[in-house]
Amino acid sequence: MQFSIDPYFPDSITAVGDAGMAGFNEKRTLYLSGCKNFLAKYREEIRELHRNGASGTEVTHLLCDMIDEMIGKLFFSIIFDISGAEEMLEHISLVAAGGYGRGELNPFSDIDIMFLHDGTMPVVTVEDIAQKLLYFLWDMRLEIGYSVRKISDCVEMAAADGTVKTALMDARYLSGSRPLYTTLLKVIFSQILPKSSNSFIKEKIADMKSRRQKYGSTVYLLEPNLKEGEGGLRDLQTAIWVARVKYKFTDLRELIIKGILNDEELETYYAALDYLWRIRNELHYFNGRKNDQLTFDAQVHLAAFLGYKDSEKVLAVEDFMRDYYRHANKVEHFTSSMVSRCIWRDEGALKILGYFVRRPVGEGCFVLKGELIVPDETVVEKNPGVMMKMFELSQKHGVSLNVRAKGAIRKNLAMINDKFRRNRDINHAFLSILRSTKGVTETLRLMHHLEFLNRYIPELENIYCKVQHDLYHIYTVDIHTLFVVEQIEKMLSGELKESLPLPCTIAAQIGKPELLILAALFHDIGKGSGGGHAEKGAAMIPTIARRIGLSREDSERLEFLVRQHLLFAHISQRRDLNDEKMIAQFARQMETSENLKMLYLLTVADVRAVGVDVWSTWKASLFNELFEKAFGILDRGGFQLEASSERVTSMIKKVTEILEDDFPVADIRHELKAMPVRLLLANPAPLIAEHARLLLELEQTDIQIRLSHQPDSGYSEFIICAHDMAGLFSRITGVMAANGINILGAQINTSKNGKVLDILQVNSPQGDLVVDAARWDKIEQEMRRAVHGEVQVSTLVAKRKRPTLLTVRPAPRFATKVEIDNEVSEEYTVIDILTHDKIGLLYLITSTLAEMGLYIGVSKISTKVDQVADVFYVRDIFAHKITAPEKLKDICGRLMTAIDEWV
């Protein structure tokens with residue numbers, strides 16, 4: 001495509017330099033109109049080419065050529081409006097910098113230019129030229145970065161600021177004095193690049209590390225940044241900047257001549273740029289502005305634009321993102337390889353010196369300068385098993401693999417076949433890596449990064465770069481798996497003993513830590529095969545276990561852990577932990593205390609590895625409670641419970657002794673006998689005494705409220721004691737919702753004498769304690785008014801959730817689900833509700849249940865970012881479970897309708 005701006009300007013203003021012509025300012029309006037028309041026409045033509053499949057490279061270069069044509073024309077027009085124009089052109093040069101200097105513009109990229117002058121012109125004249133052009137470009141709504149410098153300024157500033165040095169490396173001539181630009185180019189290569197080149201390289205490596213910390217230290221973030229994230233455009237640019245400082249080249253092909261790159265690697269670089277540019281072009285068009293974040297919405301759009309289609313097992317967006325991560329992995333490898341070569345390039349001296357200082361560690365491997373090297377790479381070809389030994393030796397000696405050693409592994413991946421996988425020595429080395437007390441996660445990450453792990457255990461290919469398209473997981477399945485391994489390793493080493501005292505204590509008791517590591521590595525292996533991933537993953541374990549040489553007992557335990565890895569979290573967060581029979585049934589499923597210990601640790605690691613905001617002290621308390629109760633049953637060696645009547649009698653006696661100085665004994669006994677048996681059996685005597693005190697004092701008042709903050713647990717306990725009435729719990733949840741209080745869990749205890757003791761665990765929606773006394777005073781006042789019927793709770797909630805003009809109702813990512821279980825509890829019908837979180841949702845559900853005449857005994861609330869899993873143990877007005885099929889169907893239907901219509 002050829003660009004010409006002349007047709008967009010009337011003849012009278014294109015004939016620059018005529019004596020009778022008006023100045024630039026007088027012609028400015030005509031120029032502005034012409035430039036807008038010029039950009040509108042060619043932008044649309046370029047976008048059409050992009051829509052029709054033009055490569056990323058072609059589009060970025062065309063956009064750059066278009067801007068070159070316009071800026072060059074404007075620059076000349078401004079110059080020729082000043083007397084002595086021809087002479088002036090010998091002293092000023094317009095230079096492109098940054099991405100524009102590299103010839104790489106995306107639709108809404110910044111445009112960086114430098115006004116380079118030789119110092120002979122008055123500074124005020126240079127600034128006048130710059131100002132005229134810049135204001136014009138800003139009026140065109142272009143994002144412009146600029147500088148006005150002499151060559152001496154460039155040298156001085158580059159020495160002081162690495163970003164200036166980087167920008168000058170990308171300098172490109174646009175217009176004006178070419179000799180002046182040529183002089184700058186010579187200075188760049190003779191004075192600027194050689195100066196402090198080693199410190200510049202170190203600075204760029206430090207920048208890369210800090211950038212990854214900011215934008216995500218892994219390629220596999222679910223909403224990656226296309227430019228700044230690992231495996232993005234900035235990584236490719238950094239590799240070239242570092243190489244240019246080291247080798248002073250103008251054309252990348254010079255690196256092939258110098259033996260730094262080969263043809264295949266250079267092709268990889270160009271292909272990676274082209275791929276990322278095409279995505280970035282569409283990302284800019286899609287957002288209508290500069291934006292490099294691959295948000296979920298953008299991913300869905302890009303997948304469709306690039307031609308991906310949904311299949312039975314995989315969504316189009318998941319396929320697209322899997323390909324993106326594979327490309328990003330290649331970019332990261334190219335970058336780290338290039339940077340490493342620039343650091344370790346003095347090979348002549350190294351070979352001579354290295355022969356004397358390198359330390360042999362076996363299998364043809366040596367340690368040199370903190371790296372494992374393989375001087376003779378043919379040893380890998382002759383004996384592929386050396387690849388596993390390289391990982392084992394690097395872990396054992398606490399060193400990293402040299403870039404050439406990594407290259408040798410990548411180059412020989414095809415040699416990992418079934419014979420390799422069944423080799424006893426290789427499998428022994430792999431299990432030795434897992435048994436090590438240090439560097440397990442780091443070694444597995446390196447295996448994964450080099451794609452060795454997928455070749456060695458091909459079943460892992462199912463989850464390689466596998467996307468989970470929700471807001472709950474922030475990493476791909478394979479990377480989440482490695483984070484689980486990391487959590488396990490930290491518990492085994494005791495590193496987390498301050499934040500996770502019980503898990504670290506249990507981890508120290510594990511007999512075979514390598515089995516726990518394998519369970520972490522394989523727990524989600526079934527996710528690449530459609531639904532029911534726990535069962536599908538467990539079905540793969542016997543084959544894998546046989547191949548790597550596990551005993552039958554270890555294989556069965558590993559299969560158990562993979563099959564049951566969702567169970568512990570489900571029971572602890574969504575079932576009544578005061579239901580002794582349910583706990584006994586769970587303990588029976590565990591079979592042995594070792595299974596329970598491993599499943600507990602795997603579950604803690606799994607939840608913590610999802611994301612920083614998912615784990616909480618509340619979840620920790622639930623997990624610990626389930627573990628301790630189930631372990632107590634297994635530790636006794638039997639599942640027979642002491643007769644509940646004997647335990648109740650004993651508890652009533654203990655509590656009466658605590659309270660007999662404050663209340664008549666007959667009143668105490670009457671109150672305790674009226675309390676729910678499950679409340680008496682699930683708590684220690686001092687706590688039951690406090691609850692009984694509230695119930696007894698209800699004779700003097702109609703409402704009792706107690707609040708206690710528990711900082712160590714991350715929540716406050718709110719207890720309300722009142723006389724029973726229809727919809728009481730709904731009123732309580734409504735007042736909490738209206739005041740922005742988050743309910744984590746609730747135990748609703750209704751005595752036979754008509755008194756109710758509701759115990760709620762609460763915090764803020766952000767997970768913090770709410771300690772503002774004035775706020776709690778307001779809540780208590782509104783709670784009393786709500787219970788007395790003096791205020792409509794629905795009105796309070798409506799005020800809290802009143803939409804603004806900015807409110808947008810997000811489209812649900814999944815449908816609301818209501819499931820009913822009549823098996824898990826002998827006393828209650830259990831309703832599981834999975835839906836999107838909304839303000840006042842708990843109030844909506846509880847009020848809907850109250851309208852249907854259902855009484856709530858236990859409520860458990862679990863929120864995962866935007867997803868809610870609420871559980872309600874309910875009975876009818878006669879304290880019976882709901883069993884009639886038509887009634888159960890009606891409950892499901894009314895709940896789903898209420899939730900979906902709740903705006």
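## A walk through helices and sheets

Let's start with a pair of helices: α37 (residues 728-738) and α40 (residues 841-851) pack at an angle of about 165°, and their axes are 8 Å apart. An axis here is a line fitted to C-alpha atoms, for helices over the stretch in contact, and angles run from 0 to 180 degrees between N-to-C directions. Helices (H or I, at least four residues) and strands (E, at least two) are DSSP runs, numbered from the N terminus. Keep in mind that this is a predicted model, where local features need pLDDT of at least 70, side-chain atom pairs count only at pLDDT 80 or more, and totals for chains, interfaces and linings use all residues. Residues are numbered from 1 along each chain as its sequence is written, and side-chain values use heavy atoms, with hydrogens and water left out.

Back to our pair: α37 and α40 are therefore roughly antiparallel to each other. The cut-offs are simple: under 35 degrees is roughly parallel, over 145 roughly antiparallel, 65 to 115 roughly perpendicular, and the rest oblique. Who makes the contact (heavy atoms within 4.5 Å)? From α37 come Phe 729, Ser 730, Thr 733 and Gly 734, and from α40 come Leu 842, Tyr 843, Thr 846 and Ser 847. Those residues split into 3 nonpolar, 5 polar and no charged. In this scheme Ala, Val, Leu, Ile, Met, Phe, Trp, Tyr, Cys and Pro count as nonpolar, Asp, Glu, Lys and Arg as charged, and the others, Gly among them, as polar.

Now try another pair, α31 (residues 593-610) and α32 (residues 617-636), which pack at about 175° with their axes 10 Å apart. That makes α31 roughly antiparallel to α32. Their contact includes Leu 596, Tyr 600 and Val 604 of α31, along with Phe 623, Phe 627 and Phe 631 of α32. Here the contact residues divide into 9 nonpolar, 3 polar and 2 charged.

Time for some strands. Strands of a sheet pair through backbone hydrogen bonds, either parallel or antiparallel. For two strands to count as paired, DSSP must find at least two bridges between them. Strand β1 (residues 92-97) runs antiparallel to β4, and 4 bridges join them; Ser 93, for instance, has Gly 176 in β4 as its bridge partner.

Strand β7 (residues 371-373) and β8 run parallel, joined by 2 bridges, and Leu 372 is partnered with Leu 401 in β8.

Finally, zoom in on two residues. Is Glu 671, with a relative accessible area of 3%, buried or exposed? Glu 671 is buried, since buried means under 20% relative accessible area, exposed over 50%, and partly exposed in between (1.4 Å probe, protein chains only). Glu 671 belongs to helix α34 (residues 665-674). Arg 588, in helix α30 (residues 580-590), counts as partly exposed at 46% relative accessibility.

Key: Contact means heavy atoms within 4.5 Å.
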